[in-house]
Structures are given as structure tokens and as C-alpha cells.
Amino acid sequence: MAARALLRVPQRAKRGEVIEIRALISHIMETGFRHSERGASIARDIITDFRCTYNGAEIFRARFYPAIAANPFITFTTIATESGTLRFEWSGDNEFTASESAAISVE
Amino acid sequence: MRVFALLLAVAASLVHADERRSGYEFMSRSTQAMQDDDTSNPAMLWVLDGEALWQAGKPSCASCHSNMSGMKGVAARYPAMSSGRLMNLEQRINLCRTEKQHAKPYAYESKELLSLTAYIALQSRGMPIAVKDDATKGKALYEQRQGQLNMSCAQCHDQYAGHRLAGSTIPQAHPTGYPVYRLEWQTLGSLQRRLRNCLVGIRAEPYGYGSPEMVELELYLMSRARGMKMDAPGVRP
Amino acid sequence: MNRRIFVLALALTPWMRTARADAMHDAMSAVLKGATPREGRVKIDLPPLVENGNTVPFSVSVESPMTERDHVRSIHVFNEKNPQPNIGDFFLGPRAGRAAVSTRIRLADTQTVVALAQMSDGSWWSGSANVVVTIAACTETV
């Protein structure tokens, strides 16, 4: 099954208001430091990069390491500037990519 | 056994036996907050998968059960007798899977089975637990001492509920939130997986997934929690 | 992440503790590139009691007006005792409005978490927090 993501972006905001954004995505975040019961090391499989754009312009970016918990959750803020789309992109090991968007209307 | 020596050195006050509290109430504020908001509860990622699976398959679950409102309260009354046998929700789902979809049953703890169970359980959120069947067998299992530590479920969950055991607070074992996203597992898991962890904890051979003992225990736990509100899919430490 | 194994490894080989602290120091130096951070302006929030080190709610905030002229450029978070010293790097700017980021992290043991923030004027600030991680009971043997 494909990765699933849950976003929290206010549907409406006042111009100039600081809004909180949350993004949750399904991912195992295998650290690369674990071993199977037979002792073989389990290869790293994590999301390494997250990016959020607001009408095309990057407003937030993060780099994740194995210490980010499984099913990465991130919250950050941005100033509501204009109506449009927030786009969220995740990428990582084993050519993992996922994206999701949310609309916002700014008065 | 360091962990169980600690158990005897506990300090917290005893919880009154008639005061039932869900595992949620024993959690820290920050873990509660994780469950409170659907966009921060990782279990909701499985619900999204369950929603998709509900529409998939031939014929799809949705094609027979038309709308999801028919599933309201269903999770709150399982385990229940079905086709002459006591079944938990997972087994009931698999019965439709084999008999109505003529497909292979989903394995216990598979992403598919957990997702469908979570999606169905969500429909009972806030509803009182309402199992009906006789739970005598499960009660006997709950009270029986077992494992190398020779302990019963009742000793921890009735006698010592509210006390600390290593890093955990012992809850009263009310299964209001299953399947749960357990922080320890970093994934969603069934009530049976949770019970297996407790059995391993007392060095007992865990009952198999789907075994009659497991289902009887589930039924007893649900009957002890009758009337308590469902909060599935929950988050637990 | 198998915390129990880390904890054991740490207990058995005390010298590894210093090795890990050095690793954190090295990881911080790689980000600072010779700059010296000043203590302050950076605040880390971690729960007083960590119920499970696999998923620890973590927040970091930096005092800053977050204007075009004066804002936080990036925040870098490190730990002492996980197998790798880095936790996450966060890049923001004046459009953030506030310099506040939350996530959930893994902490192998009781330890110190450090955050470094670089401001738009190039200066570096730091904050840290100590966190007590307990070990869960009744887990399975994976």
C-alpha cells in the first residue's frame, strides 16, 4: 500500500496571521542500527527530506535522521499571505517519494 | 528479576476497585495529546488504508454493507457468537473475507486486517462497550496464575493497577482503544498482540493468535469494561 | 530502535559514553564550521517523564522577531547517546512568523539533547535539555 499522509492546514486564515501546520506520514523509519534475530543487520530505510511550499515558494524544509520516530510527524508555522496551495513533499531511502497538498483561503 | 522487584517497591496510591479508568487516563499528557487530535494520531494513517480496503475486493465490503453507519457500535459488541462460534472482530472480518469475497483470510497483525479493524472500530468511538456473551471461561484465564513468574492478570491489573512497573504505570486493562498505536511497537497492533506482550512479560507461553483462549480473554476484558466508552483507535505507551 | 540493546551496550562499555559524547561534539562542529555558539534564545521542550523512548514528543523554539532583517535561518538538533548524534535539521525563514518546530524523536537512553540555531546575522545560539528515559514493561522479544 502506498504511503498515507495526514495534514492539518487551516482552510481559512486572515492575511498576516501566523498559522500552524502539521504533517504526519506513514513510514517505518528503519534506523539501520538494528539487527535481525539471526544477527544480520537491517538496512536503513528512512525519510531523509521534507519540504513544504506555499504557492510554489519553499517556506520550510527539514532533514531527518534515524532518530526521527516512525511515522514522522512535524509541525511548523507560516504567515498566511495569499489564497492558494500548500504542497508537502517527502523523500528518502530506496527512492521513497510522497506528496500531498492542501488548499488555503486567505482573506 | 529486577523489574518485578521494583513492583514491590511501588509508591502510588491504590485505585478503588469500583473506579474504572481506561488506559488513556493512565497516560502522560503528551501521549494523550497524540490520541486527542486525529491529525496527530498515527493510528489514523491505518484508518485511511481501511477506508480504501473497504471499497476494494470483489465484491467490496462497501457493496454489501452499503454505508459505514451500519458498522456503528459493531466493534463495541465483539467478541460475539457468530455462525455458532465465539469470534473477535478480526475473525468476523475474515469470515466475510473468506465466505463473501472468497478470498484468503488476512493474517493477524497484517496491515490489511489492522486497517480494516481500525476503520470499523472508529465507527464505535464514544459508544459504550456492549458485549453480551458469557465470559466465565475468560475470567478463569484472567485469574489463573501462570508463567515462570507465576502471576495472574488480576494481580497486576486489579491489585496493582495505578502502580509503576519499570517505566510503565499498570493500567486496569480495559480494552477501549484497540487496535492501538503503541509507542513501544511504533506501529498499530491488536488487543491480542498486547496480551501476548503481557504473557511474555510474566514468562508464560503466549496463546496463539486467534486461539480460543485469546478470544475468551478478550471477551472477559470487554465484559469487565461494559459501559465504558470506546476510544479506538487509541495511542498507548 | 532497540533501546534495550543500546542500554546494555552502554552499561558494558563505559568508554563508549565518551565516544558518543565526542560524536555529538563532532556533529555539532560540522554544522558550526568554526563558529562558537552562545547559550540562550533556544528552548527545547521535552516531556518531564518519557513514557517510551521510541516516540518522544519534542519541540524547539527560538526567540526571534522573525522579520526579513532578523530571523532564524536554521535549527539543528543533536543527542548524546543514540547510535547517531544527529536528530534533525530544520530550515526556516521570515515567512515562518515564529521559530517553532515540533516532531517526535527516538531517545535510546537518559541523556542530553542540544539544539543549535543560526540567525540571519550569522550568529549561533544554543539550548539544551536533559531527559530521563525509562524502559517499558511487558514488551515483546523482537
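1. Contact here means heavy atoms within 4.5 Å. On that basis, residues 24 or more positions apart account for 65% of the contacts in chain C with a separation of 6 or more. The model is a predicted one, in which local features need pLDDT of at least 70 and side-chain atom pairs count only at pLDDT 80 or more, while totals for chains, interfaces and linings use all residues. Side-chain values use heavy atoms, with hydrogens and water left out; residues are numbered from 1 along each chain as its sequence is written, and chains are lettered from A in the order in which they are written.

2. Chain C has two helices and eight strands, in the order α-α-β-β-β-β-β-β-β-β from the N terminus. Helices (H or I, at least four residues) and strands (E, at least two) are DSSP runs, numbered from the N terminus. Of the 142 residues in chain C, 58% are buried. Buried means under 20% relative accessible area, exposed over 50%, and partly exposed in between, with a 1.4 Å probe and protein chains only.

3. Chain B and chain A bury about 1300 Å² between them, 62% of it on carbon and sulfur atoms. The contact involves 17 residues from chain B and 14 residues from chain A.

4. Four cavities of 30 Å³ or more are found in the whole structure. The largest cavity has a volume of about 740 Å³, and its 35 lining residues include His157(B), Ile170(B), Pro171(B), Arg194(B) and Cys198(B) as the closest to its centre. H9(B) gives the most to this lining, with five residues. By class the lining has 23 nonpolar, seven polar and five charged residues. A cavity is a set of points, on a 1 Å grid over the protein atoms alone, where a 1.4 Å probe fits but cannot get out; a pocket is an open set with protein on both sides within 12 Å along at least five of seven lines; lining residues have an atom within 4 Å of a point. Grid points are joined across faces, edges and corners, and a volume is the space filled by probe spheres set on the points. Ala, Val, Leu, Ile, Met, Phe, Trp, Tyr, Cys and Pro count as nonpolar, Asp, Glu, Lys and Arg as charged, and the others, Gly among them, as polar.

5. The second largest pocket holds about 480 Å³ of space. Its lining has 26 residues, with Phe73(A), Pro57(C), Phe58(C), Ser59(C) and Ser102(C) nearest the centre. They divide into 11 nonpolar, eight polar and seven charged.

6. Met230(B) sits in the loop between helix H10 (212–224) and strand S7 (234–236) of chain B. Met230(B) counts as buried because its relative accessibility is 5%. Met230(B) and Ala76(B) are 154 residues apart in sequence but 6.9 Å apart in space, C-alpha to C-alpha. Beyond its neighbours within four places in sequence, Met230(B) has contacts that include Ala75(B), Ser124(B), Met127(B) and Met222(B).

7. There are zero disulfides over all chains, a disulfide being a pair of cysteine sulfur atoms within 2.5 Å. The sulfur of Cys64(B) is too far for a bond, because the closest cysteine sulfur, in Cys96(B), is 7.6 Å away. Cys64(B) counts as exposed at 56% relative accessibility, whereas Cys156(B), at 11%, counts as buried.

Notes: Buried area is the accessible area (1.4 Å probe) that two parts lose on being put together, summed over both.
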